[in-house]
Amino acid sequence: MRPQDIIRKKRDGAELSRDEIAFFVKGVTSGDVAEYQISAWLMAVFLNGMTDGEQSLLTEAMLHSGEILDFSDIPKPKVDKHSTGGVGDKTSLLIAPFAAAAGVCVPMISGRGLGHTGGTLDKLESIPGYRVNLSLKEFRQVLDTTGFAMNGQTKEIAPADKKLYALRDATATVEAIPLIVGSIISKKGAAGLDAMVIDVKTGSGAFMSDPARAKQLAQALVKTGNSLGIHSQALITDMNQPLGSAVGHSVEVLECINLLRGEIDEGARPVLDLSIELAARMVVLAKLENTIEAARDRIKRVHESGAALETFRANVAAQGGEPRVCDDPAKILPLTDKAFEVESPRSGFVTKISTAEVGHSVAEAGGGRVRIEDKIDPRVGFITKTKIGDEVRAGDSIGVVFCDDAGRGQTAATRIQAAYEIGEAPVEPPQLVKEVID
Ligand code: URA
């Protein structure tokens with residue numbers, strides 16, 4: 001078999017066989033298939049799609065590209081959540097300590113920034129010293145001591161996704177259902193989970209902006225997860241505006257730590273609400289509570305008692321980070337005070353936000369990658385309190401861009417201003433949780 005024959009077959013819209021998919025994914029992992037060939041194949045899959053059969057075979061091959069962790073000796077239910085990606089979507093930083101403090105074991109394998117969306121790993125790395133490249137032994141130690149561990153794909157865990165994920169980001173081939181399913185399920189399957197909750201985003205800042213496509217993705221993720229023996233549930237949630245107030249790296253971590261500390265700013269409230277909902281779903285899947293109401297109460301208790309903050313502090317210390325970030329996040333996190341106001345150009349109501357454009361603006365100001373090897377500037381960010389449905393007057397602040405580079409900061413502010421549509425009539429704010437798919 002030759003990679004170019006498999007690329008040609010997919011390019012021409014034919015169905016790949018089990019052996020062809022296994023050969024290709026093996027070559028991706030070993031490095032025998034060149035990155036330019038992988039990129040061409042990704043584009044062929046993006047343009048021509050995959051049948052359900054090919055999608056399962058791809059997921060299976062990606063899952064078996066590395067080790068499958070076995071935590072069966074840990075006497076706790078192993079449950080995780082994963083998001084399909086959004087702008088300001090930082091819930092993992094709250095959900096992991098919430099669920100762990102509530103008695104769930106959370107072995108979380110996350111990703112870096114993808115397209116216009118931010119990545120949990122990049123956000124965590126804005127905490128000085130925090131490591132997301134733990135060895136398997138270290139990952140297990142952190143899990144044992146703190147109840148949750150956060151890591152990236154490695155050469156042992158989901159190595160095919162490690163390669164494909166970075167190439168999809170750099171080749172505009174992210175928004176394809178089979179690639180998203182393979183990517184997410186191969187990471188979750190490798191983490192030895194009993195159950196998982198998947199937050200499928202829809203709206204202007206999601207990879208599946210169309211609700212019908214988001215539902216299709218949610219159904220595919222749940223079906224594939226269940227077929228691997230991972231009890232799976234998906235929530236379709238709103239991504240028509242940034243989630244919470246902060247978009248960026250340090251600013252998102254700051255928002256999460258403030259929430260963990262009980263400092264609840266109204267702009268950040270949706271982050272807390274969604275995190276409680278998703279963590280509560282994990283508690284029910286873990287069979288620690290029978291009803292979602294009881295599970296929500298359990299999560300609220302670990303939040304309000306400070307137990308979740310202490311769990312987060314223990315995890316930060318165990319993963320090499322500076323635990324004082326929990327006491328004085330604004331002092332420890334790398335931030336900048338170079339600010340660029342985004343003003344409303346007219347009076348009216350916020351009717352629509354091009355949320356992907358907000359994500360791209362922050363990424364291109366230095367908060368994301370253009371090339372795989374680019375370094376992210378954790379100081380770059382956007383903070384907004386303005387949401388869909390809010391009334392604004394001409395000249396009011398919609399938000400503030402933070403960036404050390406004046407040219408890039410001003411460009412981001414101008415782009416973000418254009419991303420907010422101000423209309424004459426008020427509109428209803430979007431509903432945060434739209435549907436649950438079992
Ligand atoms: N999250 C992932 O891990 N992979 C995707 O493809 C999209 C979101």
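Buried residues make up 58% of the 438 residues in the protein, where buried means under 20% relative accessible area, exposed means over 50%, and partly exposed lies in between (1.4 Å probe, protein chains only). This is a predicted model, in which local features need pLDDT of at least 70 and side-chain atom pairs count only at pLDDT 80 or more, while totals for chains, interfaces and linings use all residues. Residues are numbered from 1 along each chain as its sequence is written, and side-chain values use heavy atoms, with hydrogens and water left out.

The overall fold comes first. The protein has 17 helices and 13 strands; helices (H or I, at least four residues) and strands (E, at least two) are DSSP runs, numbered from the N terminus. The radius of gyration is 21 Å, close to the 22 Å that the globule rule gives for 438 residues, so the protein is as compact as a globular protein of that length. Here the radius of gyration is taken over C-alpha atoms, and the globule rule is 2.2 Å times the number of residues to the power 0.38. Along its principal axes, the C-alpha trace spans about 60 × 50 × 40 Å. Of the contacts (heavy atoms within 4.5 Å) with a separation of 6 or more, 78% are accounted for by residues 24 or more positions apart. The protein exposes about 17000 Å², of which carbon and sulfur atoms supply 49%; accessible areas come from the Shrake-Rupley method with a 1.4 Å probe, and for residues only the protein chains shown count as cover.

Next, the interior. A nonpolar core is a set of buried Ala, Val, Leu, Ile, Met, Phe, Trp, Tyr and Cys residues joined through side-chain atoms within 4.5 Å. The largest such core has 76 residues, and those with the most contacts inside it are Phe98, Val358, Phe382, Val401 and Tyr420. Helix α12 (residues 269-285) gives the largest share of this core, 10 residues. A second, separate core of 39 residues includes Val142, Ala158, Tyr165 and Met208. Leaving aside residues up to four places away in sequence, the residues that Val401 touches include Phe340, Phe382 and Ile416.

Helix α16 (residues 355-367) has 13 residues, yet its end C-alpha atoms are only 15 Å apart, short of the 18 Å that a straight helix would reach at 1.5 Å a residue. The expected span of a helix is 1.5 Å times one less than its number of residues. In α16, 10 of the 13 residues are buried, so the helix is largely enclosed by the rest of the structure; among the buried ones are Val358, Val362 and Ala363. The cover over these buried residues includes β8 (348-353), β9 (381-384) and α17 (406-419). Helix α9 (residues 177-190) is another case to look at: its 14 residues should span 20 Å, and its end C-alpha atoms are 20 Å apart, which agrees. In α9, 14 of the 14 residues are buried. The helix is followed by Gly192, whose phi is positive, near 60 degrees.

Most residues other than glycine have a negative phi. Ala158, which is not a glycine, has a positive phi of about 50 degrees. Ala158 lies in the loop between β3 (148-151) and α8 and is buried, with a relative accessible area of 0%. Lys287 also is not a glycine and has a positive phi, of about 65 degrees. Lys287 is found in the loop between α12 and α13 (292-304) and, at 70% relative accessibility, counts as exposed.

A few single residues complete the picture. Asp80 sits in strand β1 (residues 79-83) and is buried, with a relative accessible area of 0%. Not counting residues up to four places away in sequence, Asp80 touches residues including Val106, Lys188 and Met282. Ala166, in helix α8 (residues 159-171), counts as partly exposed at 24% relative accessibility. Ala166 and Glu373 are 207 residues apart in sequence but 9.5 Å apart in space, C-alpha to C-alpha.

Finally, the cysteines. The structure holds 0 disulfides, a disulfide being a pair of cysteine sulfur atoms within 2.5 Å. Cys256 is in no disulfide, and the nearest cysteine sulfur, that of Cys326, is 11 Å away. Cys256 counts as buried at 1% relative accessibility, and Cys105 counts as buried at 2%.
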